[in-house]
Amino acid sequence: MRKLVISFLLGASALVAALVMLTTGIAPRLSGAADHLDAPFVKTDGRIDINDVYAFQSPSNPANTVLIMTTNPLAGVLSPTTYRPGADYRLNIDRNGDAREDISYRLSFEGNGPVQDVTLRCVPAAACGNNGAVLARGKTGSTIPVAGGGSLRTGLFDDPFFFDLLAFRKGLAFCPGGVGTNFFAGLNVMAIVLEVPSAKLGPSHIGVWATTSIDDQPADRMGRPAINTVFNHTDADKNAFNFGKPINDQRDFRSNVVNTLLSLGDSQAYANAIADVLLPDILTVDTSSPAGFLNGRRLQDDVIDTELSVISNGAITTDCVANDSAFTSTFPYLAPPN
Amino acid sequence: MSNSRLLVAALALLAVAVIAVSSHLLSNGGPAATPDNGTATVADTGNAPVAGMLSTDDFIEFWRRRVDHDPADYISYTELAGGFLRRAREIGDVDSYSRAGAAVEQALKLNPKYETAISYQANVQFARHDFAGALETSQRIFSLNPGSAQALALIGDSDLELGRYDEAQSAYDSLSRITQTSPVLSRLAHLAELKGDPSKAIGLAQQAVTAAADEGTSPEGQAWYDLQLANLEFNTGDLDSAQMQYRASLDAFPGYVHALAGLAKVNAARREYDEAIALYRQVVARYPVPEYVAALGDLYLVAGRGQEAQQQYGLIGAIDSLYKANAINTDLQMALFFADHDLKLDDAVTQAREVYARQPGNIRAADVLAWALYKSGQYGEAMAYSEQALRLGTRDALMLFHAGMLNDKIGNPDAAREYLSRALQINPRFSVLYADQARQSLDSLGSLASR
């Protein structure tokens with residue numbers, strides 16, 4: 001599957017889903033000024049909401065791979081600019097294409113202040129070959145060396161994602177008057193940036209996906225951009241997807257992918273072929289190659305334009321939005337927060 | 001204080017309220033409202049002490065800038081509406097509801113299918129007590145998006161207000177199968193209270209308080225969960241626990257009016273009238289809903305300051321007009337106020353009937369209607385609504401007191417004794433106006449033990 005690096009992804013990143021989830025998570029039970037029996041205006045905890053996953057060969061050291069998980073849509077606007085203490089943030093690595101994680105980089109955070117304690121581990125110890133040792137420990141907002149090589153940085157950054165969300169939500173009405181609007185310009189996210197020697201990850205061809213969970217209860221999951229957002233149309237399905245495992249994706253969500261593509265006018269054969277590629281939802285990357293999307297995903301890659309082309313079978317080639325962020329060629333690569 | 005002066009004041013207030021944000025503008029009639037003794041104003045506390053979070057005012061400004069920049073940005077209009085709804089919760093100003101409604105309307109004009117905007121529209125309907133409309137809107141969302149927790153919560157909330165308690169339970173049960181977060185726990189707690197299981201309600205409310213902290217809830221949100229727990233504790237007569245929890249609520253969101261009112265209730269229940277009056281004065285200076293203004297008046301009354309009590313009572317009608325001008329319905333509070341004070345009893349009955357017609361089967365509407373009918377001497381009909389009000393077995397001292405007085409009047413001494421003693425047993429200090437009266441009536445009926 002991962003040789004078929006034609007990542008046919010349309011639409012938006014999980015950020016789109018996250019924004020919608022955030023704002024529709026649970027009804028504010030708010031009533032007239034006259035009443036105060038009503039439960040607060042509470043939303044999904046954005047701190048455990050995954051926005052995007054990136055995986056690319058390090059521009060500063062070709063022997064390294066950079067893995068990035070962004071969380072917390074509109075960080076600081078909709079949710080605090082922190083990680084949820086006690087929650088489990090994971091970057092999962094499939095080494096052999098069986099859609100099961102062989103190793104996971106597991107991050108946990110403590111403290112409720114603006115600067116939190118962060119701990120990085122690799123599990124399971126046997127596969128990681130490190131006897132379960134802590135790989136890094138330090139503070140959010142600082143670069144921390146990783147045992148065995150590499151660096152970790154967690155904290156607030158400019159949101160690297162760019163996309164015309166308004167046009168998407170108006171029924172794929174892209175490029176009104178030839179112009180797009182990057183809804184995410186000037187917004188921030190929380191990011192986990194982990195750079196490690198590619199050899200630690202396994203062979204050169206790996207699969208990557210991110211998960212968050214609380215007390216072993218899954219909260220969110222993402223590999224390639226936008227799979228859940230685009231192909232699952234109800235909160236029931238979106239939740240089932242987030243709580244599920246990649247190994248079951250073909251069984252559980254194939255029909256949603258195929259039906260969505262058919263509804264967009266694609267042929268049955270085309271829809272089937274794409275569904276074969278898109279599920280399970282794992283971002284595949286050849287770490288020996290500096291190429292970007294469709295190989296892994298680099299920060300500057302216009303994944304949306306690629307996805308739109310594929311989904312629409314060439315009818316839509318762009319959302320008329322380009323990257324607005326000043327990425328750097330050195331760790332941690334992301335632009336500073338706005 | 002002449003009525004005409006009050007009327008002038010009311011009309012002036014009415015005019016400014018449409019454009020004004022702050023409820024500080026509502027003076028208390030005579031002298032200006034007491035300054036806040038250094039307590040932070042609610043607006044100040046909007047600067048939330050949560051890492052990196054925008055204050056409510058900054059949040060509104062953030063989205064306002066975005067819609068100014070791109071007037072076609074329906075998502076930002078929707079979030080702007082959310083900001084106004086948040087501010088309405090925090091300071092209870094009538095204007096924020098109107099602004100929220102306008103922002104939602106604009107969003108839906110730009111994209112009628114944007115689900116979040118539709119759900120905020122349901123929230124605005126709910127805030128304006130258009131519960132049937134809120135139910136319809138949220139059911140529409142749910143039919144388009146099965147599994148939407150948002151929609152389920154609103155369906156349950158609307159059902160509950162409409163007196164459809166079984167349907168509300170069913171919606172909340174479905175909701176709790178999706179998620180067990182604080183908003184869900186608090187809803188289950190509320191329903192448990194209505195169904196007469198205060199210890200279950202308190203347990204759930206305690207869980208909600210803990211969960212809210214884990215979930216990174218906003219200061220106002222956290223304060224609300226503390227408040228719910230405190231109110232449940234107060235309603236069982238546990239004044240010490242309630243006081244502690246009201247203080248926790250104030251700590252979470254300094255200046256929180258509902259927690260201040262709760263502390264005032266505790267003081268009042270302990271007959272610490274001066275303290276209670278001082279607190280309520282702070283409350284009504286910021287959040288002059290009829291319920292709180294009436295409570296302040298009642299405290300003046302029991303403290304022997306009749307003239308000041310009348311001043312407060314005189315303001316209530318004007319305040320009610322203000323809310324009505326912003327399409328916020330306070331009929332039930334007004335009916336209860338009229339009935340409690342033997343004022344305009346015909347209006348009280350009419351208003352309570354109107355509320356009951358809109359929310360048929362709602363136990364609080366039934367209770368107020370029964371009480372207004374009792375006060376106007378329509379005992380037979382009052383009994384029917386009283387039975388409606390008590391049908392869930394709610395352990396609500398005031399409702400039981402109402403039932404006790406009514407049964408006494410129509411010559412059911414056994415039932416009257418039963419209801420009055422249960423009211424006092426649940427919370428011996430349930431009301432500054434009525435706890436003593438309940439005791440006296442019970443005495444004159446003869447104690448249960450002497451039966």
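Where is the place of L294(A) in chain A? I found L294(A) in the loop between β12 and α9 (303-311) of chain A. Before going on, I note that this is a predicted model.

**Entry 1: cis peptide bonds in chain A**

I looked up L294(A) for its peptide bond: the one from F293(A) to L294(A) is cis, with omega near 15°. I also have a cis bond from L279(A) to P280(A), and there omega is near 0°. P280(A) sits in the loop between α8 (268-278) and β12 (283-286) of chain A.

**Entry 2: positive phi without glycine**

I checked C320(A) next, which has phi near 60°, a positive value in a residue other than glycine. In chain A, C320(A) lies in the segment after α9. Its relative accessible area is 29%, so I put C320(A) down as partly exposed.

In chain B I noted D342(B), also not a glycine, with a positive phi of about 50°. I located D342(B) in the loop between α18 (331-340) and α19 (345-358) of chain B. Is D342(B) buried, exposed or partly exposed? At 46% relative accessibility, D342(B) counts as partly exposed.

**Entry 3: chain B overall**

I counted up chain B: 24 helices and 0 strands. Of its 451 residues, 60% count as buried. The chain exposes about 16800 Å², and carbon and sulfur atoms supply 52% of that. For contacts in chain B between residues at least 6 apart in sequence, I have 57% joining residues at least 24 apart.

**Entry 4: helix α3 of chain B**

Which residues of α3(B) are buried? My list is T56(B), F59(B), I60(B), F62(B), W63(B), R66(B) and V67(B). They cover an arc of only 155° around the axis, which puts them on the same side of α3(B). The general rule I keep in mind is that an α-helix has 3.6 residues a turn, so residues three or four places apart point the same way.

What do the buried residues of α3(B) pack against? Their partner is α4 (74-91) of chain B. On the other side of α3(B), I marked D68(B) and H69(B) as exposed.

Technical notes:
Residues numbered from 1 in each chain as written. Chains lettered and ligands numbered in written order. Predicted model: local features only at pLDDT ≥ 70, side-chain atom pairs only at ≥ 80, totals over all residues. Heavy atoms only, no water. Helix = DSSP H or I, 4+ residues; strand = E, 2+ residues; numbered from the N terminus. Buried < 20%, exposed > 50% of the residue type's maximum accessible area, 1.4 Å probe, protein only. Contact = heavy atoms within 4.5 Å. Areas by Shrake-Rupley, 256 points an atom, 1.4 Å probe, with all protein chains shown as cover. Arc of directions from axis to C-beta.
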